Amino acid sequence: METNITYRKMTIDDIDQVLLIEEEAFDTPWTREAFEHEMTTNEYSHYLVAETETKELVGYCGMWVVMDESHITNVAVSERMRGNKIGEGLMREAIRVVTEQNVVLMTLEVRVSNDVAKNLYHKLNFQDGGIRKNYYSDTGEDALVMWVEFK
């Protein structure tokens with residue numbers, strides 16, 4: 001397994017590789033048009049990618065930054081690279097990027113059944129907030145809202 005991962009800002013040229021990760025990770029993946037919109041039209045979006053030494057993308061993280069708050073929209077890691085702390089690296093990089101922009105609060109939703117992700121977010125000092133009932137349209141599963149405040 002390659003372990004030398006770098007993190008950088010996503011570009012529109014990365015969409016093809018991000019879509020492969022998206023389709024692997026989610027039952028209801030975002031479309032190319034959704035990512036294109038995020039990259040070209042949404043002034044609040046910020047996306048990061050995790051890249052190997054061979055320039056293969058193995059993960060990505062999207063967020064919106066509005067004034068002093070940030071909301072994680074999606075995080076995914078390629079199936080073959082899961083368990084290598086790439087999700088944690090992406091989240092730490094996202095936190096670094098937004099705290100440099102004086103963001104004081106970050107929020108996200110996570111499936112109530114996704115214990116791996118919830119454990120990661122707790123490790124990064126996220127707190128449990130409320131429940132969004134039937135949040136996920138593919139299964140009707142509830143989402144746990146989580147948040148972290150930066151001092």
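Predicted model: local features only at pLDDT ≥ 70, side-chain atom pairs only at ≥ 80, totals over all residues.
**Exercise 1. Check the span of helix H3 against its residue count.**

Step 1. H3 covers residues 86-100, which makes 15 residues.
Step 2. Look past the helix: H3 is followed by Asn102, whose phi is positive, near 65°.

**Exercise 2. Determine how many residues of H3 are buried, and what covers them.**

Step 1. Of the 15 residues in H3, 11 are buried. The helix is mostly covered.
Step 2. Among them are Gly87, Leu90, Met91, Ala94, Val97 and Val98. Glu88 and Glu93 are also buried.
Step 3. The cover includes strands E1 (6-9), E2 (45-51), E3 (57-66), E4 (69-77) and E5 (105-111). Helix H4 (115-123) is part of the cover too.

**Exercise 3. Find the residues with the most partners in the largest nonpolar core, then find which element gives the most to this core.**

Step 1. The core has 31 residues. Ile72, Met91, Met106, Tyr121 and Phe126 touch the most other members.
Step 2. Elements giving two or more residues are E2, E3, E4, H3, E5, H4 and strand E7 (143-149).
Step 3. H3 gives the most, with 7 residues.
Step 4. Take Ile72 as a case. Beyond its neighbours within four places in sequence, Ile72 is in contact with Cys61, Gly62, Met63, Met91, Ala94, Met106, Thr107 and Leu108.
Step 5. A second, separate core has 11 residues, including Phe35, Tyr47, Leu57 and Ala76.

**Exercise 4. Classify Asp14 as buried or exposed, and find its salt-bridge partner.**

Step 1. Asp14 is found in the loop between E1 and helix H1 (15-25).
Step 2. Its relative accessibility is 6%. Buried means under 20%, so Asp14 counts as buried.
Step 3. Asp14 forms a salt bridge with Arg8, with the closest N and O atoms 2.8 Å apart. Arg8 is partly exposed, at 25%.

**Exercise 5. Locate the partners in two salt bridges that link distant parts of the chain.**

Step 1. Arg80 pairs with Glu56 in a salt bridge, the closest N and O atoms being 2.4 Å apart. Arg80 lies in the loop between E4 and H3, and Glu56 in the loop between E2 and E3, 24 residues apart.
Step 2. Arg111 pairs with Asp138 in a salt bridge, at 2.9 Å between the closest N and O atoms. Arg111 is in strand E5, and Asp138 in the loop between strand E6 (127-132) and E7, 27 residues apart.

Notes: Residues numbered from 1 in each chain as written. Heavy atoms only, no water. Helix = DSSP H or I, 4+ residues; strand = E, 2+ residues; numbered from the N terminus. Expected span 1.5 Å × (residues − 1). Buried < 20%, exposed > 50% of the residue type's maximum accessible area, 1.4 Å probe, protein only. Contact = heavy atoms within 4.5 Å. Core = buried A, V, L, I, M, F, W, Y, C linked by side-chain atoms within 4.5 Å. Salt bridge = Lys/Arg side-chain N within 4 Å of Asp/Glu carboxyl O.
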